[in-house]
2 protein chains.
Amino acid sequence: MHRTRIRVVADALDANETIARANRADFDRAGVAVVNLMSAPGAGKTTLLERVLPGLPRRVGVLEGDVQGSYDADRLAIRHIPVTQLNTSNGFGGECHLDANMVRSALPALPLADLDLLVVENVGNLVCPAEFRIGEDARAMVCSVTEGEDKPLKYPLMFRACELVVINKVDLLPHLEIDLDHLLYNVTAVNPGARTLLVSARTGEGVEAFAEWLAEVRPGVGADAGVPA
Amino acid sequence: MHRTRIRVVADALDANETIARANRADFDRAGVAVVNLMSAPGAGKTTLLERVLPGLPRRVGVLEGDVQGSYDADRLAIRHIPVTQLNTSNGFGGECHLDANMVRSALPALPLADLDLLVVENVGNLVCPAEFRIGEDARAMVCSVTEGEDKPLKYPLMFRACELVVINKVDLLPHLEIDLDHLLYNVTAVNPGARTLLVSARTGEGVEAFAEWLAEVRPGVGADAGVPA
């Protein structure tokens, strides 16, 4: 008796993953490495980018995700960093994150031929941005010491999603009750493989390590192929 | 000739609003005033509640919203504040906000007969929580000075949704570059009617004013009927 083989197609309904792969293929063809940079509101993503991007030995551009406005994009543009604004309230209904389709809609506006690295500054939010791949080669997050030791435990998906956790505002540590070791312990507890960097985007302390990390992200096929060791 | 009148039913498809009204009717019947407290992650909602709830001259309970875990609920419980945990990852798929239906699902677990005031501590997020009424009488948010002056401009829906904006961590002002007047200007620019309070939940500075506000929120019918002047 002949039995028909049933092929199981996994992930068939995950449209975001499909579009993220298409984005990544386009970025790869253009030779552009892509970093998805995430954080809570006010953790210091833009200040960190202001600090490290102008001196980076790569042609770098930014895709700026915000619910509305272009405040961060304006800050980067006056530093002569090529920046494209993507607002989630225009046609997306005030979304709290970027997804692959939103990034895809921005592709025609990106000067990919002139870039080696694209940093996507996601919407400030510790929940949903972690759930949507956008076609990036690496994911990094900024966590401010002012947010407390417990954030990795309360938002574990975000901390697990990222290869790099940048602990920012360490210049404020003398004025806070936070136990830094406890925060680092919690990061490792939810993501043992995460690399952590201690920085102050304001004073510049430790930011060279983030610049070096950014300089080493490579475009590539396969999950996490382009992440620096 | 007879013409049939067509009655326009507005809001008919807004299921959240329907359920929020049902929640509010239940809270009103129980004589419980309800405050929806929102903020970005780590702005200090729980520390503020730890500081003011034990001394409040009302029977107060907390409904604690988190993606997962019960870290904040544990902090309040050891201060003998009746607290109910609502996790958005259980059956809601890791939602970044509370909505009326989630709060409704928690109603049977709330000791409404023993309360005059229920504070709902929403998920830490400046976007989506502002979009969902949950049956509250008043909405308040906590904004930390460490988050920068620009947050009202970048997350205007949240700042507009709230009758009260608590500016927290003012003890850190001497160590920050933030211009407090600029932050207050931005709050007023997006919500001219908002009341603002300057507090430090850590040192206790200014928290009495928040306690007085909480003591005056009243259950009532009609939007904003219960908000203190």
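**View 1. Helices and strands of chain A.** Helices (H or I, at least four residues) and strands (E, at least two) are taken here as DSSP runs, numbered from the N terminus. By that count, chain A of this predicted model has eight helices and seven strands. Its radius of gyration, taken over C-alpha atoms, is 18 Å, close to the 17 Å that the globule rule (2.2 Å times the number of residues to the power 0.38) gives for 229 residues, so chain A is as compact as a globular protein of that length.

View 2. Of the 229 residues in chain A, 58% are buried, meaning under 20% relative accessible area with a 1.4 Å probe and protein chains only. Take the contacts (heavy atoms within 4.5 Å) between residues at least 6 apart in sequence: 75% of them join residues at least 24 apart.

**View 3. Where chain B meets chain A.** Here 34 residues of chain A are in contact with 34 residues of chain B. The buried area between the two chains, which is the accessible area (1.4 Å probe) lost on putting them together, summed over both, is about 2,700 Å², with 56% from carbon and sulfur atoms. On the chain B side, look for B:Pro41, B:Lys154 and B:His175, which lose the most area to chain A, together 21% of what that side buries.

**Notes for all views.** Residues are numbered from 1 along each chain as its sequence is written, and chains are lettered from A in the order in which they are written. In this predicted model, local features need pLDDT of at least 70 and side-chain atom pairs count only at pLDDT 80 or more, while totals for chains, interfaces and linings use all residues.

Key: Side-chain values use heavy atoms; hydrogens and water are left out. Buried means under 20% relative accessible area, exposed over 50%, partly exposed in between (1.4 Å probe, protein chains only).
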